[in-house]
Amino acid sequence: MRLTAPKGRTIVALSGGADSVALLRLLLEAGAQVVALHCNFHLRGEESDRDERFVSALCQGLGVELHLRHFDTRAYAGEKGISLEMAARELRYEWFEQMRVELGCEDIAVAHHQDDQAETVLLNLLRGTGLRGLAGMRRRNGHIIRPLLGFSKQEILAYLRSLRQDFVVDSTNLEREAQRNKIRLDVLPLLRDINPKAVLHICQTADLVQSYLEASPSAGYSLHALHEWLQPYGFNSAQIREIFREQGGQSGAIYESPTHRLLRDRGRLLLTGRSETSLLTLSHSIVETDSPLDFLKGQPLSSDHAYLDADKLELPLRQRPWQQGDRFRPFGMRGSRLVSDFLTDLKLNRFQKERQQVLLSGDRIAWVVGLRTDDRFRVTLGTRRVYCIRLEN
């Protein structure tokens, strides 16, 4: 497990449980400037004091600045007419924000992870919700950040075991009175029996909904839009997330599914099948004339047609994909050019370049198909036989 250090000084909400201890250790490993805050809500008797002692010893051993705060949570809940859970939440976040300002910190890091996200989404569903409820918790909400939201509880515990790092256990998390605990202890294990990746898939859905809600027309494709577009073409969730993160990067990157390829090109995403490029269909004919220029005036002059001096050609012409090192003399020019440079000047994307073909007279290019003929084979006043080519597809 690795985290990227947040910018500036960061508060870590440290309860002493596995998740917050892992968060603190990971941020320290990343080189973050951290200060820990611990709340004693006095709701679990000696266990609450035990947590405070553990957190104090942990921070002292790690050399981390720690601030403690005691709350009369029951009295606050009675005054407000709210549940103890809601009272603890309000007291906690109000103090966190106050300390963030006092200590000059940028953000407040809390230790919610994938399992917490899945619980939140399921709770919202059970209570009745719209898209915002399905989006669950955000990785950033104002100054609140959740660096562990991409990791599972199993990964967190494995990380702590690798460090031989102790933590405390809140005994109330093992009681089934609270709805969230019932989901954690009963519902999620059942869902994992049905599908071991159930929690991951719930969290991925929450990410897609968040992306949809936060999409900006100027910010490129949303994660939701990419998922809806690319999943039917065989791209998996990990690839789609990578494409989403990197869509503003340099041109030329290609992502592949079993059936399709996606190209990032000049701020665009271009999709094509993986089938091998077949040779283009060309029709050939030779027309004899005493007035070649008059003949050309009556012919289509689109990019799908080419007209060459048949007597300058080595027949039959040979067709193939262009290759690195190919050169030709573009019509109207005296010097030769690399085909690769010519295609780049036309701003063709990588897929278009891969499909580009040339028509050869011996070992010389007579036509970069659909783009430009070679000046050495152009029709002149002295031409008596015009070699006509038409691109059929």
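1. A salt bridge is taken here as a side-chain nitrogen of Lys or Arg within 4 Å of a carboxyl oxygen of Asp or Glu. By this criterion, the structure holds 25 salt bridges. The model is predicted, so local features need pLDDT of at least 70 and side-chain atom pairs count only at pLDDT 80 or more, whereas totals for chains, interfaces and linings use all residues. Residues are numbered from 1 along each chain as its sequence is written, and side-chain values use heavy atoms, with hydrogens and water left out.

2. Arg 9 and Glu 65 form a salt bridge through their side chains, with an N to O distance of 2.4 Å. Arg 9 belongs to strand β1 (residues 9-13) and Glu 65 to strand β3 (residues 65-70), so this pair ties together parts that are 56 residues apart in sequence. Helices (H or I, at least four residues) and strands (E, at least two) are DSSP runs, numbered from the N terminus. Arg 9 is partly exposed, at 25% relative accessibility, and Glu 65 is also partly exposed, at 32%. For these classes, buried means under 20% relative accessible area, exposed means over 50%, and partly exposed lies in between (1.4 Å probe, protein chains only).

3. Within helix α4 (residues 84-103), Glu 97 and Arg 100 are three residues apart, about one turn of the helix. Their closest N and O atoms are 2.8 Å apart, and the two residues form a salt bridge. Glu 97 is partly exposed, with a relative accessible area of 31%, whereas Arg 100 counts as buried at 11%.

4. A salt bridge also joins the side chains of Arg 180 and Glu 119, at 3.1 Å from N to O. This pair links distant parts of the chain, as Arg 180 lies in helix α8 (residues 179-194) and Glu 119 in helix α5, 61 residues apart. Arg 180 is partly exposed at 24% relative accessibility, while Glu 119 is buried, with a relative accessible area of 1%.

5. Salt bridges with shared partners connect Arg 44, Glu 47, Arg 50, Asp 51 and Asp 170 into one network.

6. Helix α5 (residues 114-127) has 14 residues and should span 20 Å at 1.5 Å a residue; its end C-alpha atoms are 20 Å apart, which agrees. The expected span is 1.5 Å times one less than the number of residues in the helix. Helix α5 is mostly covered, with eleven of its 14 residues buried; among them are Asp 115, Ala 118, Val 121, Leu 122 and Leu 123. Just after α5, Gly 128 adopts a positive phi of about 90 degrees.
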